[in-house]
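Reader: Please take a close look at one part of this structure. I would like the chain first, then its contact with its partner.

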Amino acid sequence: MTEVLMPNTLAEALSMISKDGHDVLILGSGSDVIPRIREREIVPKKVLDLSGLGSELNYIRIEGNVIRMGALVTVRQIIDNELFKGRLEAFLQAGRMFGGPQIRNMATVGGNLGAASSSEDLIPIFIALDAKVKMASIDGDRLVPVSKLVVAKRQIDRRPNEIIREIYFEMPDDSSWTAFFKAGRRNSLIIDLINMAMYLKLNIDGTKIEDIRIALNRVRGKTPERAYKTEEYLRGKRIENETIARAQEVLDSEVQLSSDFRASAEYRKSLDKVILARLINNCRDRIVEGRRTGN
Amino acid sequence: MSEGQLIYSAIGSSSQRVDIREKVDGSLKYFTDMKMDGMLYGVVFRSTVTHARIRSMDVTKAISMPGIRAVLTSRDIKGMNAYGVIVPDAPVLAYDKVRFYGEPLALIAGDTLEQAEAAKDGIKVDYEPLPVIRNIDEALKNDAPLIHNNGNIARSMKVERGDLARGFKDSYLVLDRDYRTHMQKHMFLETEAGLGYLDEKGVINIFVSGQGAHSYKGQITRALEIPPDKLRIVNYPEGGAFGGKDDVTIQILLTLLVMKTKKPVKLVLTREESGAGGYHRHASLIHLKTGVSKDGRFMANKAHILLDTGAYVSFGPSVLDTAMEVINGKYRIPNISVEGTLVYTNNGFSSAFRGFGAPQGNFAIENMVDELAYELKMDPIDFRLLNLLQEGEINSFGNPERDTMGAHVALTEAKGSRLWKISKKGSLPWIKVGLGVSFGVKGVGYGPVKDVSYAAVEVIPSGLVKAFFSNADYGQGINTGHLQIVAQKLGIPFENLRTVNADTAECPDTGSSDASRSTFTGGNALINACDQLIEVMKPEAARMMKVQPTEISYADGKFTFKEGSEVSIFDIASFMAKEGKGTKFIGSFEMPRVAKPIEGMIEAPRFSNAYGVLLSLVEVNELTGLVKAKAFDFYADIGKVINPLLALSQCESGLIQGLGYAITEELTYDVDGKPLNTNYTTYIVPSTTDIPSIDVRFVDAVEKYGPYGAKGVGEIPIVPVASSLTNAVHDAIGMRFRELPLSPPRVSSRMQQNKGISVLA
């Protein structure tokens, strides 16, 4: 029998897992965990249900130029929030293709980070934004850069007595944009063949890439990671076909994609190249457009 | 509106489905919702290897586990322990060998589902592994291991007509091509499921999700040696079938569980079990060589169709016959040779699936037709029209053609489609737009096999007419369609009609809901039953009115002598009941057959055919290889349309299922023969966001022998989809795909090989 713990406050939740936390499975909405329990993929001794903590962990706010999201924010809330309609377009691009409507209504940011499966769409975006995760425990908060969060497939840097409390990142400035793309066999409810998120900043006169962060899943093994070499190559370059073609080669040598029944590694690599080019152009176009229209 | 007008319009009106309310408000119970007192939960213990000899199986530990009431193996079966609608070659529970991954080996009944599941760990099987045959090519190798003792070929057929060599010699252009299609899962929302119990009279009652009733009963009594009067099969309202519940699924397993435990038992397959152990569409390999004259007339067609039937035959022979039937389209081809080979492999279990071999045959011939028209620089529709048989002409299988008029009309109307006017300029430089055509044929009914359907109507004095038939309503709406026929025939308002569907205790044998036959055969049998009702009731009415039978006439539920002097069928029923006379009338209908059958063929050629012309507009993304269907225009000849809304639903659903078949769906096995994608997460059916704009037009056509002119609509929509899409892709990017599905990796890799397309976006 599985014991279900249902705290009403974060403090209560944290005390419930202060000891023997490794026996406890933390449940956000359950959109990822419940099917896995049903399949006996995981057989938890105890489940800590966070649904009572909405008043503490469900918020999106901007403080200065920092955007903070509580762990219980749903994908639907992100899509509906005005904050994400401009430079944070990556969230909208991911959100629109995130599962189906029911999953978007249920799935939480904290759950997405905690599940850390190879197909989580939000993690690459957070990595591209250089976001940080705030872990809460009775000993206080601990910060984990999201790029260091996923240790292995379905394994994150979270101590047994910790709960994901918040994720935060800086709002990109008006020389920057974010974009996301995923490719699958159908338009919704799809485990992607490949996904990629990008943060791109142009220099003052808009001619060169001042900064870029590229995150994609399945770089090595099955975890989302930064494509550092590709970024390094692109930094300071003009956006021209030749540059992009060379960047595609760098990316090609940098990623080690695997084959499975969904698609071959070769196809994934060819998609990666396409998506890289598309995201660079997409970000550049939107920054230029924004400058022209004064947004 | 007067009652009379309402009744007159029963045929051709979109009457509301009779079962819609409980389906929409959620009150209809499916098997997962049902429970009986003292009910046990059945689970199936299945093979975890693909091809092996069974050295031994030990279930002793499982029997002693908590809550376990029975663990059954082949030793608990008294009958022939085999099933299969055409050839009983599949063991109910395997004993000497397993031939596919997920084959049933034992049954467990437990007090709870969890206990029954847990007891699976208490069964040990010692296997001697055998090499796995993964496809048709491997099965036909000289040194291939044998899946059955009689070899890896389950059936061979050949039909020849004319002088093939001469035909090719006289041809201006001959193309020789290979086509391959893959396995498709039905993915019905409700998996194979049922609930059974033993009643106080010692009868085993089996409520099951299926497509008929009587054919299961025959197979169960044979496999388990049960007297027919001790078994009742009821097809309960269910969540889809598509052919995947046409042959026996869990019926025998469930009956055995009830027989041995003498308790109510529920058995519902998990999605993954259904994926591995359930049926799927045959993969095919089709060699096609076709010759045409310079002015675009067919000269010769040589086909060899090989189908992968998996580990057992099931409906394989019928599916093969149907693929052979459509490989000549409905074209005038004087010289033909059509060979068919049904091959055993270890790829699960192929069986009936909407279209029944026609989608595979159509994929080959309509790809070929498009290529020939293109090479001859002829319009694809004009080329088809030029070659389409006229009524009275002798067709490829030697019978006079009798019903291609609707096909001519459909092709001609398709020339006026909105899609011809749409710009082929893509929204982005790498998005290519194309338009494709395909012409599909699907026979209605079982072909040359004698097929007599029975159905009944009963007049209840309280004011109801009940219609009894056994072709199941699994969601397609046959309950509603059949009642419209009864309403039309008797002139009784819809609200006074009820159905009793697919219950062996009450319904005569109408056969199963398959082969697009239900409306045609069941509808006609009901009309015949109504005729008998009128014939028998007429003298009774005359007696009641004290007039001669010749002086009265029937209309609108009553016999009338003259204005104001009439008696209703309900009053007559009451009058007859008092005299102890029955008021249930059984009608029958024998499906017409072609004059000249082909020796050895059991499913084809058929007497009546439904036709469909599909135009597909696609967008091909040259960078990712993604093919998106943007629009379908479908022109169909299904005979007279009984219920336009239901017919439209059938068309939309068939087109979408065809879209999945062509692009996103593919049942895949690993090198060891284990299925890799058995649930909705891994097996990709189209979602609502993938569905194109769909326009369906029914051409004005009447089948002389059909009920009120109707044919059948269940299968024709899926038949031309894949070929229409590959033809559209050719129009978009100039490449012919002769292998399905049109998955992004396949399309992308072909484009990169052929064109060396740059991946600069």
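Author: What follows goes from the fold to the interface. This is a predicted model: local features need pLDDT of at least 70, side-chain atom pairs count only at pLDDT 80 or more, and totals for chains, interfaces and linings use all residues. Residues are numbered from 1 along each chain as its sequence is written, chains are lettered from A in the order in which they are written, and side-chain values use heavy atoms, without hydrogens and water.

Chain A holds eleven helices and 14 strands (DSSP runs: H or I of at least four residues for helices, E of at least two for strands). Its radius of gyration is 19 Å, close to the 19 Å of the globule rule for 295 residues, so chain A is as compact as a globular protein of that length (C-alpha atoms; the rule is 2.2 Å times the number of residues to the power 0.38). The C-alpha trace spans about 60 × 45 × 35 Å along its principal axes. Of the 295 residues, 54% count as buried (under 20% relative accessible area, 1.4 Å probe, protein chains only).

Now the interface. Chain A brings 25 residues to the contact and chain B brings 31 residues (contact: heavy atoms within 4.5 Å). About 2300 Å² is buried between chain A and chain B, and carbon and sulfur atoms give 56% of that (accessible area lost on being put together, 1.4 Å probe, summed over both parts). On the chain A side, A:Arg185, A:Arg186 and A:Phe261 lose the most area to chain B. Together they make up 33% of what that side buries.

Technical notes. Buried < 20%, exposed > 50% of the residue type's maximum accessible area, 1.4 Å probe, protein only. Buried area = accessible area lost by both parts, 1.4 Å probe.
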